[in-house]
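Please open the structure in your viewer and keep the selection panel at hand.

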Amino acid sequence: MSQISNIAVLGAGVIGASWTALFLAAGRDVTVYDPAPDTERKVNDYIGTAWSALEALGLASGGPGGRVSFARTAADAAAKADFIQENVPERLPLKHAIYAEIEPVLSKTTIVSSSTSGLTLEALQDGWNDPANFVLGHPFNPPHLIPLVELTANEKTDPAALDATEAFYEAIGKVTIRIRKGMPGHVANRLQAAVWREAVFMAIEGVASVEDIDKAMWAGPGLRWAAMGPTMLFHLGAGDGGLQAFCNHFRDTFNGWWDGLGDPRLDEAVIEKLVAGMNDQARGHSPRDLSQQRDRMLVALQTATRSLRDPCVD
């Protein structure tokens, strides 16, 4: 969206800083607001760290295309914005307070997109007098590396605002999906929650170690899922017969597996076992070191597969 040139980022934790880096790489000017001390240094440090990955992904070249500045209040950040990415902590009163502060200064065309992962659109809309230009634009962490954005709107949302939001995200390299029915966790988080639930269950049942369960994922289905989704892959798993043949052949198998899936809970004993298993797997490497390894691998995966991806499969 060429008319979106000035962006406000409200909340500059990991998600907000990552969004800021991506918006700058896309040539947009960004005004950041966060009440935390030392926000300016932390955001600039994050941008500097993220920039090489953005360049490797073809999302940036040379120095930042846009300019970053920092505001003292949310209203100051929002006053001249064409688009606002809200990343306030997941507490409804905090988000409502920010909305109440910025709504009086917004132009009639300013779009506000919330990065919320756990709150519903309806609950957030209660913080607005007019929520027509408010949408959910939930990224996957970190937003400057993971393309996915999950969009949610409803009957109170102006359809033009949703279309404009989707077009803007796609213009800066994101892959969007539209949530047709709101659920806590949206789509992607629910999928990973389902997988992790079974991983936790197998770990506490002693089926395999935490490390081997993780290894089974990244060396097995995780590789395929990086190329295509599970339903498409099963469609291909039966050859010319496609998904119909696959379901005909494996319905009883899957029904049996589903009946036997675990239902663990993260109590203290389970958490202790998981943490011990993770410490074994990390082998003394810090989360920072492992995060850097993760980011290098994410960049390599995307650059290696970009030219092979058929748009009709996205």
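Begin by selecting aspartate 263 and arginine 265, whose side chains meet in a salt bridge at 2.7 Å, N to O; a salt bridge here is a side-chain nitrogen of Lys or Arg within 4 Å of a carboxyl oxygen of Asp or Glu. This is a predicted model, in which local features need pLDDT of at least 70 and side-chain atom pairs count only at pLDDT 80 or more, while totals for chains, interfaces and linings use all residues. Residues are numbered from 1 along each chain as its sequence is written, and side-chain values use heavy atoms, with hydrogens and water left out.

Arginine 265 is exposed, at 55% relative accessibility (buried means under 20% relative accessible area, exposed over 50%, and partly exposed in between, with a 1.4 Å probe and protein chains only).

Aspartate 263 lies in the loop between helix 11 (242-259) and helix 12 (268-282), whereas arginine 197 belongs to helix 7 (residues 188-204), so the pair ties together parts that are 66 residues apart in sequence. Helices are DSSP runs (H or I, at least four residues), numbered from the N terminus.

Next, select arginine 41 and aspartate 45, which form a salt bridge with their closest N and O atoms 2.9 Å apart. Both sit in helix 2 (residues 39-56), and because they are four residues apart, about one helical turn separates them. Arginine 41 is partly exposed at 43%, as is aspartate 45 at 40%.

Note on methods. Helix = DSSP H or I, 4+ residues; strand = E, 2+ residues; numbered from the N terminus.
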